[in-house]
Amino acid sequence: MRAQSTARKASLLTTGIAVAALALSACGATADDADTAPGAGATGGTGGNAAPASGLQIMVPNSPGGGYDTTARTVAKVMETEKITGTVQVFNLPGAGGTVGLQRTVNEKGNGKLAMQMGLGVVGAAYTQKSQATLNDTTPIAKLIEEAGAIVVSKESPYTDITSLIDAWKKDPSKVNVGGGSSPGGPDHLLPMQLAKAVGIEPTKVSYISYDGGGELLPAIIGNKIAFGASGFGEFLDQVKAGEVKVLAVTSEERIDALPDVPTLKESGVDFVFTNWRGIVAPPEISDADKAVWVDALTAMHDSQAWKDEMEKRGWTDAFVTGDEFGTFLKEQDTAVAEILKNLGLVS
Amino acid sequence: MDNLSNLIEGFANILTPLNLLFALIGVTVGTAVGVLPGIGPAMTVALLLPITYGLDPTQAMIMFAGIFYGGMYGGSTTSILLNTPGESASVVTALEGNKMAKAGRAAQALATAAIGSFVAGTIGTALLVLVMPQVVAFAIELGSPEMLAILLVAFVGASAVLGSSRVRGFASLLMGLTIGVIGIDFVTGQQRLTFGSAQLADGIDVVVVAVGIFAVGEALWVAAHLRRKAGTVIPVGRPWMGREDWRRSWKPWLRGTAFGFPFGAIPAGGAEVPTFLSYLTERRLAKRPEEFGHGAIEGVAGPEAANNASAAGTLVPMLAIGIPTNATAAIMLSALQGWGLEPGPFLIEKQPLLVWTLVASLFIGNTMLLLLNLPLAPIWAKLLQIPRPYLYAGILFFATMGAYAVNAQPFDLFLLLALGLVGFMLRRFGLPVLPLIIGVILGPLAEKHGRRSLQLSGGDLNGLIGGPVAWVCYVIIAGVILWPLLAKVLPGRRPHDRDHTPTEVSA
């Protein structure tokens, strides 16, 4: 009996160690989690003294690894290393094309420490997801970067220039499948739809196939599953150099440095310009002082060499605009997106 | 072999104390993260990114690779011990693994998972060296029609294991498919079964479903019976795998590898589908199929090998042509950009040392994982001797934390509880759990590929029939469906003949 109970004690001890090990690893992760989770500082502007820009948080409304995530983390890194601000906490709140994050931002009324990374995708998602919160509710802070779209075909494609592609597309839109890396309402969806409209194709006739990001879209183009792909040009640069895909046109106003031989749509006789962009907004009704803190910090970041280096490395195009000017731009985008989605019957 | 000499150079490069230290940190963090439900390798790599900017790219990549493999490893531990799958790729492991644990064979289940992962990881990495270009070409050729055909094989296979009653099996499958439909329709943007809730717009995360059905459902079930049945003590069992366990494990390991590796290389192929295929294959091929559902070691060995092999497969398109096929690979690629390196078709040409050091670090990381996990297996197994009320309290704690960690949304906790009640009801009315999970994971995939195939063909039904891979799949389906008839016609043959064993991969 006694022997048995000692044995049991011994085994309980080992169990204890195992539990401790589990708990330890749990602690590690909860600590990580606390970094990403909405910290206590987020709830209401803590009235502390106005020490220059400390305790700032940037929320990323989609998952780690995406474009918004990379942008927000790069912004935070530059602001920290250039000592523009204290530590900037970046956390992810993914869901419903970014509108879960948007709702949260709108709910954080008056919180001057929080900002949300966003872009054209969130503008569309606010409509397609029938979000109650809209970007008009937020306080625009700054537009940071933009990226031109590209019309891409595989190296074996029968289309050698944009004109032949558009001609075939006009002839029978249902036979020419367009692929993009976003769901309806996202940038890669808006690009071909607006292009179709610009060349006189009824957008509802466009056969758009949504892929789950560039990782799924690229193989579909290379493997000739679709007639052409529409996405940000950055996704394709390496594949262009490798000769796997051809870019028939870029959608920017001017030609792109990285692709000097590729004509713009305008040069090819299509009067259409499209850029995807990313920017930062803050919750509604923040004080002018808080707004100025964000605008000043981002302006200082934008002027730093470190930010220029990052943009160069990542192939981003500078599109820095702040405050009210960004607000006007947001409104324009909002109207254009609403119109095309209405046209497609995606928004009533 | 040019690749081999490069690889040797890679080994020479990694075998410095500092690099080995980073590999060790990577696998340890990866295992910890895998153990915790809800926190995946993708999230961890993203969180660690800022820290690694100060490091040399090689060291950071070594660490990331460790996290990646370690995560696949660690996921099995909670699946087996606590019936709480940490990642969607280790959901299948919980089916047989937890039954083994309850029968006092937790140590064997953990060991076969660890060794199977090691074998699969090593073979997968070796294949990475040998057949990179061919695999990429094959993976890109596969389109939606082929994926649909492969998924249909999994569905047909699943319906063969629907449990004692077909009606109950199908009921469970339909519930799973319904849960899978929740969310925004990716083609039309319509909301389905979301009841206007933004939290449901992205659908319910597989981890939340699995943890709810498995862990919470079971905890409720046990709690409901605690008064009537005195808690049976879980037997201790032997600490290591016996000869019989080895004999029954090695073939599933190899078959699991054969399923997992190509799937990892397919864009959006993922690690879940091969674990299901592996489980269903093992169940069909098993000498004692009646053991399935009560803790068959084959059902742990195969799927665990499959998910690790798929992790190796993921690196193929990433390193060869710069295409990430899952979230972790996408973040690793974005990290490369942060260092000013250009991921893509030229990475191997421009940075051969980085690529081959990474590959070498995968071999080292795999070995480290085995050394780290195998001795721990008997210790982990003792965890189950905690008295039941405390054990299940602990399980509920882990389940809740995991469900919350997926999206950091309190809403998910209510979902978890609701799904726990569903899990309780499933047990109460004798409905099998596997078809439901298959419905949740594979249903949306099948829908996506089916609809995409039709979109591509402009609505023409011929679009559903793809290339040779699809044909092979349809032949297999026809075979599975017609087999009972054929078996009657040919009385000389036993139903579990070995003629449709998938090709085994030799290292």
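Two strands pair if DSSP finds at least two bridges between them. Keep that rule in hand for this predicted model.

Start with strand E4 of chain A, residues 139–154. Look for its partners. Strand E7, residues 228–232 of chain A, is one of them: 4 bridges join E7(A) to E4(A), and the two run antiparallel. Within this pairing, Val152(A) stands opposite Gly229(A).

Strand E8 of chain A covers residues 245–250 and is joined to E4(A) by 5 bridges, again antiparallel. Here Ile151(A) faces Ala249(A) as its opposite residue in E8(A).

Now turn to strand E9 of chain A, residues 275–282. It runs antiparallel to E4(A), with 8 bridges joining the two. Find Ala148(A), and opposite it in E9(A) you will find Thr275(A).

Strand E10 of chain A, residues 317–322, is also antiparallel to E4(A), and 4 bridges join them. Ile145(A) stands opposite Asp318(A) in this pairing.

Is E4(A) enclosed or open to the outside? Count its buried residues. A residue is buried if 20 or more other C-beta atoms lie within 10 Å of its own. By that test, 15 of the 16 residues of E4(A) are buried, so the strand is largely enclosed by the rest of the structure.

Next, step back to the domains of chain A. The domain assignment gives domain 1 as 3–146 + 277–343, and domain 2 as 148–275. How many residues of each domain are in contact with the other? On the domain 1 side there are 14, and on the domain 2 side there are 15. Two helices of chain A, H4 (120–128) and H11 (323–343), each supply at least two residues of the side of domain 1 that touches domain 2. H4(A) gives the largest share of that side, with 6 residues. By type, the domain 1 side divides into 7 nonpolar, 6 polar and 1 charged residue.

Finally, move to chain B and helix H16, residues 388–407. Does its length come out as expected, or otherwise? Work it through. A helix's expected span is 1.5 Å times one less than its number of residues. H16(B) has 20 residues, so it should span 28 Å; its end C-alpha atoms are 30 Å apart, which agrees. Its buried residues include Leu391(B), Tyr392(B), Ile395(B) and Leu396(B). Phe398(B) and Ala399(B) are also among them, as is Asn407(B). Just after H16(B) comes Ala408(B), with a positive phi of about 55 degrees.

How values were computed
Residues are numbered from 1 along each chain as its sequence is written. Chains are lettered from A and ligands numbered from 1 in the order in which they are written. This is a predicted model: local features need pLDDT of at least 70, side-chain atom pairs count only at pLDDT 80 or more; totals for chains, interfaces and linings use all residues. Domain bounds come from an automatic or database domain assignment. Two residues are in contact if their C-beta atoms, placed from the backbone, lie within 7 Å. Ala, Val, Leu, Ile, Met, Phe, Trp, Tyr, Cys and Pro count as nonpolar, Asp, Glu, Lys and Arg as charged, and the others, Gly among them, as polar. A residue is buried if 20 or more other C-beta atoms lie within 10 Å of its own, exposed if 12 or fewer, and partly exposed in between; C-beta atoms are placed from the backbone.
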